[in-house]
Every structure is written in C-alpha cells, then in structure tokens.
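Visitor: I am new to this structure and would like to learn how to read its salt bridges. Please take me through them.

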Amino acid sequence: MFKTVLIANRGEIAVRAIRTLKKLGMTSVAVYSDSDRYAQHVKDADIAIALDGLKPSDTYLNIEKLIQAAQKTGAEAIFPGYGFLSESTEFAEACEKNNIAFMGPTATQILEFGLKHRARELAAAAQVPMTPGTGLLENLDEAISAATEIGYPIMLKSTAGGGGIGLTRCDNEQALVEAYESVKRLGAQFFKDSGVFLERFIDRARHVEVQIFGDGQGQVVALGERDCSLQRRNQKVVEETPAAHLPETTRQKLHQAAVELGKLVNYRSAGTVEFIYDAARDEFYFLEVNTRLQVEHPVTEMVTGLDLIECMLK
C-alpha cells in the first residue's frame with residue numbers, strides 16, 4: 001500500500017479520490033492550474049502543488065510537470081482519474097521510467113485497446129462475439145468492397161476515436177463515399193490517427209458495459225454490468241445496473257466474455273468492456289475497451305458496496 005498518492009486531475013474525480021485516500025490514511029497530493037487555485041480538490045488535499053499555467057497543455061496535460069510534482073512530494077503513485085492523461089501511453093511510460101506506480105493498465109494495454117481495430121483483433125483472439133467488420137482500410141475502394149460484402153447499413157469508425165467523434169452511420173454506398181474522407185480527417189485532427197474501419201450496424205441495439213478489474217497476473221473479475229443505452233449525440237445520459245430485461249444466462253455470458261478478454265492480456269487495474277446487445281436476437285457483440293476508471297463508476301459502487309478507487313490502490 002502507498003503512503004502518498006498524487007492525483008493528476010481536477011474537479012469531481014479529484015475530490016472523489018481524495019476522499020478514499022483520507023479514508024485509507026494516505027497523503028493526498030493535488031495539482032492545480034492558476035484558475036483552479038481555490039478549487040475544492042485543492043482545499044481538500046493534504047498537499048497542493050501549483051502547475052503554473054492556465055491552459056491544460058501547460059498544466060494537467062504536462063507530463064514533465066506532473067512527474068516533477070510527484071518527485072517533489074515523494075508520491076509513490078499517480079492516480080490519473082478520467083480524461084486528461086488517463087489513457088496516455090506516454091504518461092504511463094513516464095511513470096514507470098521514474099519508478100512511480102501508474103494507477104491504471106500498462107502502457108501496452110492502453111495502446112492496444114486504444115486502437116479500436118487492434119481491440120477487435122484481441123477480442124477475436126479471446127473468442128468474444130463480434131459484429132462483421134474489417135481491419136484498417138487502405139482506401140475508399142477497399143471500404144466500398146468491404147461494405148458491399150458486410151451489407152448496409154454499416155458504421156464507419158475512426159480507430160482512435162472516442163466520445164462519438166469519427167463515428168458515422170452509412171446506409172448506402174453514396175453515404176460511405178461522402179463520409180470516408182471526413183471521418184479520416186476527424187481522426188487525424190482529434191486523435192492524430194486517420195485510420196478507419198467498418199462494422200455492421202445493429203439496429204435498435206442496447207449498449208451494455210462490463211466493469212472489470214485485473215491484477216496484471218492473469219486474474220480478472222467482472223463487477224457487474226451497466227446499461228448505458230440512453231444517450232444523446234453518442235454521449236451517455238443514464239446508466240443503470242443491473243441491466244433490466246437482460247436474460248440471466250446472457251448476463252453471465254457478457255461477464256465471462258469480458259473476463260476472458262482481460263485474461264488474454266493479463267489486464268491490470270480497472271477497465272470497462274463495452275458491448276452492443278441485440279435484444280431481438282438475444283445476442284451481444286464486442287464494441288470497445290475503456291482502459292480507465294469511467295465517469296459512471298459510482299453506479300457500480302452503489303450496487304456492489306465496493307470503493308473502486310480503493311480497489312485500484314490495492
């Protein structure tokens with residue numbers, strides 16, 4: 001167990017983490033930008049370090065400053081929260097290089113699951129059910145050919161996308177032609193990766209995600225599922241657990257599929273395996289993996305009685 005933990009974040013998740021650290025008797029280190037000088041997480045922490053700057057790129061996204069703050073305060077671990085550097089392979093590697101524990105998956109796991117086409121390859125290797133789709137597409141002609149084979153409607157996706165960015169439904173070839181370059185540009189603009197791939201579109205699908213934890217040695221457990229089907233502009237609005245109207249046998253299969261995927265890579269720390277559920281056929285398909293603690297983690301905490309940040313610390 002650690003004595004001192006730096007929280008490389010701000011706002012609600014930083015306050016939330018500090019609460020757990022206080023409960024465990026650990027010293028909490030907050031960091032802050034100039035505009036966050038009087039924020040709640042700064043007031044609550046045992047130690048607060050100024051990052052000297054206003055922009056995220058100069059503060060909460062500045063790896064060098066965060067590592068220096070950890071070294072200055074003797075922090076043995078860094079909790080990244082969500083957003084900012086929580087899914088940064090560079091940050092995870094920097095922590096490891098400086099003998100600071102990164103409270104999250106390994107850099108390799110973040111990298112591989114962060115690329116959706118690679119995540120599909122891993123899911124296939126773990127024999128997780130998948131929608132028909134492609135690997136990375138070389139050009140528009142390949143996309144058109146693959147879409148014809150898969151059957152419309154299809155989803156054109158950025159491999160590095162997130163938050164609904166680089167995600168377009170195409171009902172026919174004309175729509176695919178019109179969207180192809182646009183989705184590639186969005187990927188390059190927001191994620192510095194223009195790679196795209198296709199998946200079959202599942203109509204009237206539900207979105208169900210499974211919370212997993214791994215010890216990095218091959219032991220992985222599922223802590224239930226969350227139904228996040230109610231969304232606006234591809235952003236989750238309501239989360240519910242356990243998922244309603246989900247057959248118990250299907251629920252268990254979902255959990256097992258998520259666990260098997262985690263075991264395949266010796267997953268470490270908290271993660272969420274997301275699935276599309278076709279209620280009409282009672283079938284589910286792999287969607288993606290989020291390699292961090294998600295915003296909606298308290299939903300799982302309220303049902304299980306577990307403190308997920310405490311689990312990450314252990």
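**Reading the salt bridges**

Guide: Take Arg118 to begin with: its relative accessible area is 27%, so Arg118 is partly exposed. Keep in mind that the model is a predicted one.

Visitor: Which side chain meets that of Arg118 in a salt bridge?

Guide: The general idea is that side chains of opposite charge can pair when their charged atoms come close. In this structure the partner of Arg118 is Glu112, with 3.1 Å from N to O. Glu112 has 22% relative accessibility and therefore counts as partly exposed, since buried would need a value under 20%.

Visitor: How many salt bridges does the structure hold?

Guide: The total is 23. Another of them joins the side chains of Arg169 and Asp171, at 2.6 Å from N to O. Arg169 is partly exposed, at 41%, and Asp171 is also partly exposed, at 41% relative accessibility.

Visitor: Asp278 and Arg281 also form a salt bridge. Is Asp278 buried or exposed?

Guide: Asp278 has a relative accessible area of 5%, so it is buried. Arg281, at 60% relative accessibility, counts as exposed. The N to O distance between these two side chains is 3.0 Å.

Visitor: Which residues are linked in a network of salt bridges?

Guide: The network links Arg16, Lys23 and Lys314 with Glu301, Asp307 and Glu310.

Technical notes
Residues are numbered from 1 along each chain as its sequence is written. This is a predicted model: local features need pLDDT of at least 70, side-chain atom pairs count only at pLDDT 80 or more; totals for chains, interfaces and linings use all residues. Side-chain values use heavy atoms; hydrogens and water are left out. A salt bridge is a side-chain nitrogen of Lys or Arg within 4 Å of a carboxyl oxygen of Asp or Glu. Buried means under 20% relative accessible area, exposed over 50%, partly exposed in between (1.4 Å probe, protein chains only).
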